[in-house]
Amino acid sequence: MNETERLELIVEFLAKRRFATVKDLLKILDASPATIRRDIAKLHETGQVRKVFGGITLAEEVTSEQISAKPFEVNRVLHIDRKEAIAIEAEKMCSDGDSIIIHGGTSCFLFAQRLVKRSLRIFTNSMPVAANLFEHGVCHLVVSGGELHREPGIVFSPGEVTPVFYASRLFLGAQGISGAGLLESHPLLVRSVESLKDRADEIVVLADSSKFSIKARHVALPLSRISTLITDDGISGEDAEMLRAAGIKIVIASLGN
């Protein structure tokens, strides 16, 4: 297989899958990892693909999604009062001795800060959450294995390195929410949610009301998989009805807490 054929196959693969890692491409190309990385670099230089955390995607996908995507360090200071109120309500759902999973994101980070002195078993793929619980916490902490992806602040590997961990609740954030479900711009976050969604009895989403106005491209989780959503009183009646129609319990966090 020559270079031209490899480049065409990579673009065709992305047209179907939207996101690929070097490991994914090894399955379809008769080439070494080093050769595939050189092919990716050439496609990136021509503007046909864009390098993202953990792999590559078609260039037009990245361009459209970057509009609403923000790094963890930027998100952590946005709507801080709403997120702190949501974190208070989320903590009320935890009893000492529980096993829970905390995904990445700033609302989940603030929630985890409230658990540092709680007697819990916590699994997380969030580096900020893990670092905070390691430094200040007393919980039994289990951390995901894999590579650190700095912008979203998560640890993830496409291989089977995540420890077997089952929980009563999985706490998730989201970039956006629509009738289709939880939305994310970053394909890696979608894959991360996919790896965790069946490891808990109940899925709880922490999302301030601004998330209902953000329309990211990828559906990470359908509304039908969510048990409870904790938000603030800025949620519109239309959005609240959408959630109730999907069978989701809505908890409104008071900013006066």
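Predicted model: local features only at pLDDT ≥ 70, side-chain atom pairs only at ≥ 80, totals over all residues.
Phe171 is found in strand S9.

**Phe171 and its surroundings**

- Phe171 counts as buried because its relative accessibility is 0%, and the limit for a buried residue is under 20%.
- Leaving aside neighbours within four places in sequence, Phe171 is in contact with Ala90, Met93, Cys94, Ile100, Ile101, Ile102, His103, Cys108, Phe111, Val204 and Leu206.

**Nonpolar cores**

- The largest nonpolar core consists of 28 residues, and Ile177, Leu182 and Leu243 have the most contacts inside it.
- At least two residues of this core come from each of the following elements: strand S9 (167-172), helix H9 (187-196), strand S12 (200-206), strand S13 (218-221) and helix H10 (237-245).
- Leu243 touches Phe212, Leu223, Leu229, Ile235, Ile248 and Ile250, when residues up to four places away in sequence are not counted.
- A second, separate core has 26 residues, among them Ile102, Phe109, Leu206 and Ala253.

**A β-α-β unit**

- Strand S5 (residues 121-124) and strand S6 (residues 140-143) run parallel and are joined by four bridges.
- Ile122 has Leu141 in S6 as its bridge partner.
- Together with helix H8 (residues 127-136), S5 and S6 form a right-handed β-α-β unit.

How values were computed:
Residues numbered from 1 in each chain as written. Heavy atoms only, no water. Core = buried A, V, L, I, M, F, W, Y, C linked by side-chain atoms within 4.5 Å. Buried < 20%, exposed > 50% of the residue type's maximum accessible area, 1.4 Å probe, protein only. Contact = heavy atoms within 4.5 Å. Pairing = 2+ DSSP bridges. Right-handed = clockwise from strand over helix to strand, strands pointing away.
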